[in-house]
Amino acid sequence: MSQTSSIPHTSDLFDTTYTIAADLITKSIYPWDILDEIKDFIIYMGKNLDPSIYEDRGDGIYIARDAKIAPTAYIGGPCIIDSGAEIRHCAYIRGSAIVGRGAVVGNSCELKNCILFDGVQVPHFNYVGDSILGHKSHMGAGAVTSNVKSDKTLITVKSPAESIATERKKLGAILGDNVEVGCNSVLCPGTIIGRNSNVYPLSRVRGVVPADSIFKSADNIVPKIK
């Protein structure tokens, strides 16, 4: 679609051929609009999964039989963990989470009400809540999504040119495909990072980072050189 808004639409951020949640994702113009539907979608989707591929572990938990799950990981339902995913030592999946094919959820990471597309890596000490991470996006060690404002007011997604009221109290970050987030960065509530962009380590990111950009600081966002 043609992009006239400075705030990316769902179709500008994701290739939905890389997620089991494609039918849900494509419903929305803006991706945060489907966050409240993740739980019900998993429950519906789980009943239609091939039992030869996915094991039904009860409580709405469906895990691909070739996924690698550490015995110390906690998995709460509803949840879908897709083929080839790896859930490592002491990961904490609180529920309403979709972990895509070949994705990695690492040691001491926490997921809650989120979608990880195929190939996503959150491998070390990450928190991902009320968020969507696009295909092959990666969060460095200690990088987290902050999903509630300190004053508990509703979240507005802002770019330099416009703002959109989400009517949501909880919204973490939306990462487009192939986004790289540096270690120990904080993605503030309502952060949107466009496809193929990079965020420097130790960054505090707020608002919209355009596609194909490098976020060095809030005042220094530069286009990637192709």
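Contact here means that heavy atoms lie within 4.5 Å. The model is predicted, so local features need pLDDT of at least 70 and side-chain atom pairs count only at pLDDT 80 or more, while totals for chains, interfaces and linings use all residues. Residues are numbered from 1 along each chain as its sequence is written, and side-chain values use heavy atoms, with hydrogens and water left out.

**View 1. Surroundings of L111.** Leaving aside neighbours within four places in sequence, L111 is in contact with Y92, I93, R94, G95, A97, V99, V105, L116, V122 and V128.

View 2. H9 counts as buried because its relative accessibility is 11%, where buried means under 20% relative accessible area, exposed over 50% and partly exposed in between, with a 1.4 Å probe and protein chains only. The side chains of H9 and Y30 make a polar contact at 3.4 Å, a term for a pair of N or O atoms within 3.5 Å in which, within protein, one must be able to donate a hydrogen and the other to accept it, and residues adjacent in sequence count only if both atoms are side-chain atoms. Y30 is also buried, at 15% relative accessibility, as is W32 at 2%.

View 3. G77 and P78 are joined by a cis peptide bond, with omega about -5 degrees.

**View 4. C90, a residue with positive phi.** Although C90 is not a glycine, its phi is positive, near 65 degrees, and the residue is partly exposed, with a relative accessible area of 35%.

**View 5. L202, also with positive phi.** L202, likewise not a glycine, has a positive phi of about 65 degrees, and at 67% relative accessibility L202 counts as exposed.
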